[in-house]
Amino acid sequence: SGSIRFSSRSTRLSGNITFPRPARTFTRPSSSAAIKREGRLSSRLPPRGLREWAPAPFRPSWFCQGPHLQSFWGALFRGGLRVPWRRERWDTPDGDFLDIDFVDPGRAEAPTLLLLHGLEGSSDSHYIRGLAAGASALGWCAAALNFRSCSGEPNRMPRLYHSAETGDLNFAARRLAGRVKGPLLIAGFSLGGNVLLKWLGE
C-alpha cells in the first residue's frame with residue numbers, strides 16, 4: 001500500500017516506488033527539421049537518478065548479430081544455466097497467492113531487479129535465469145514474479161494472467177518497495193513487458 005513518488009535524487013525506497021524525473025521533458029517536434037534539432041531522445045536517457053546503474057550500450061557478438069539468431073542462441077545454449085532461487089509465497093488480497101523467486105543481493109543497499117516472464121513462462125525460463133544471473137553477478141538482488149499458475153502449482157482462484165492484468169504486478173511491486181533498501185527496477189519480457197508498460201501508464 002505504498003504511494004508513487006517522482007523524484008530525481010532519491011534512491012532509497014521505503015514504502016514508496018520512486019521513478020527518477022528526466023532531466024528535460026521531451027515534446028514531439030512539429031517538423032523533420034525540428035526532429036534533427038531535437039537530436040536523439042536516447043541521448044538524454046537514462047534519467048539522472050539511474051545513471052550510475054545504466055548498462056553500457058548493447059553490442060552483439062560478431063557471430064550473433066540479428067535478433068532471430070540471438071533468440072535461438074539463448075534458448076539453445078543458455079538452457080543449462082542454474083540460478084539458486086529462494087522462493088517466497090505471498091498471499092494476495094483476493095485470497096490467492098503469488099510465488100516470487102529471489103536471488104539474494106551481495107549487500108543490503110544493492111538494487112533489486114524484479115523480472116516479469118512472458119506467456120507460459122516462469123522463473124525457470126532461460127531468459128529470466130540469464131538476467132537474474134547477470135544481476136547477481138553485479139551484487140544485485142533478483143526477484144522473479146511467477147504469474148498465476150506459472151510457478152508449478154495451480155492457483156486457488158479461477159483467475160489467470162494476461163497482458164492487461166496489472167493487479168498482481170502492482171501488489172508485488174509495492175510490497176517489494178516497502179522492504180528493499182536500494183533502488184527497485186523492473187524488467188519485463190514479451191507479455192511481461194506489456195504488463196509493465198500498462199502498469200506504468202496507470
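Buried means under 20% relative accessible area. By that cut-off, five of the five residues of S5 are buried, so this strand is largely enclosed by the rest of the structure. The legends below describe close-up views of a predicted model.

View 1. Strand S5 covers residues 112-116. Thr112, Leu114 and Leu116 point one way from S5. Leu113 and Leu115 point the other way. Each of these side chains belongs to a buried residue. In a regular strand the side chains alternate between the two faces of the sheet. S5 pairs with S6 in the parallel sense, over five bridges. Leu113 stands opposite Ala142 in S6.

**View 2. The open sheet of five strands.** The strand order is S3-S4-S6-S5-S7, and the pairing is mixed. The edges are strand S3 (86-91) and strand S7 (184-188), each of which pairs on one side only. Neighbouring strands are turned by 25 degrees against each other on average, direction ignored. Strands of a sheet pair through backbone hydrogen bonds, either parallel or antiparallel. Strand S4 (residues 97-103) and S6 show the antiparallel sense, over five bridges. Phe102 stands opposite Ala143 in S6.

View 3. Helix H3 (residues 126-137) touches S4, S5, S6 and S7. The direction of H3 makes about 175 degrees with that of S5. Helix H5 (residues 191-201) also packs on the sheet, touching S5 and S7. The direction of H5 makes about 130 degrees with that of S7.

View 4. H3 has twelve residues, which should span 16 Å at 1.5 Å a residue. The end C-alpha atoms of H3 are 16 Å apart, which agrees. The expected span is 1.5 Å times one less than the number of residues. Ile128, Arg129, Gly130, Ala132 and Ala135 are buried in H3. Their cover includes S5 and S6. Just after H3, Gly139 takes a positive phi of about 85 degrees.

**View 5. The nonpolar cores.** The largest nonpolar core has 24 residues. Leu114, Leu145, Phe147, Leu169 and Leu176 have the most contacts inside it. S4, S5, S6, H4 and H5 are the elements that give two or more residues to this core. H4 gives the most, with six residues. Leu169 touches Leu114, Leu116, Leu145, Ile186, Val195, Leu196 and Trp199, not counting residues up to four places away in sequence. A second, separate core has twelve residues. Among them are Leu115, Ala132, Trp140 and Ala142.

**View 6. Asn155 in its loop.** Asn155 is found between strand S6 (141-146) and helix H4 (167-177). At 12% relative accessibility, Asn155 counts as buried, because the cut-off for buried is under 20%. A polar atom of the Asn155 side chain lies 2.7 Å from the backbone oxygen of Phe97. A polar atom of this side chain also lies 2.4 Å from the backbone nitrogen of Ser149. Leaving aside neighbours within four places in sequence, Asn155 is in contact with Asp96, Phe97, Arg148 and Ser149.

Key: Residues numbered from 1 in each chain as written. Predicted model: local features only at pLDDT ≥ 70, side-chain atom pairs only at ≥ 80, totals over all residues. Heavy atoms only, no water. Helix = DSSP H or I, 4+ residues; strand = E, 2+ residues; numbered from the N terminus. Buried < 20%, exposed > 50% of the residue type's maximum accessible area, 1.4 Å probe, protein only. Polar contact = N/O pair within 3.5 Å; in protein donor to acceptor, adjacent residues only side chain to side chain. Contact = heavy atoms within 4.5 Å. Pairing = 2+ DSSP bridges. Axes fitted to C-alpha atoms, helices over the stretch in contact; angles between N-to-C directions. Core = buried A, V, L, I, M, F, W, Y, C linked by side-chain atoms within 4.5 Å.
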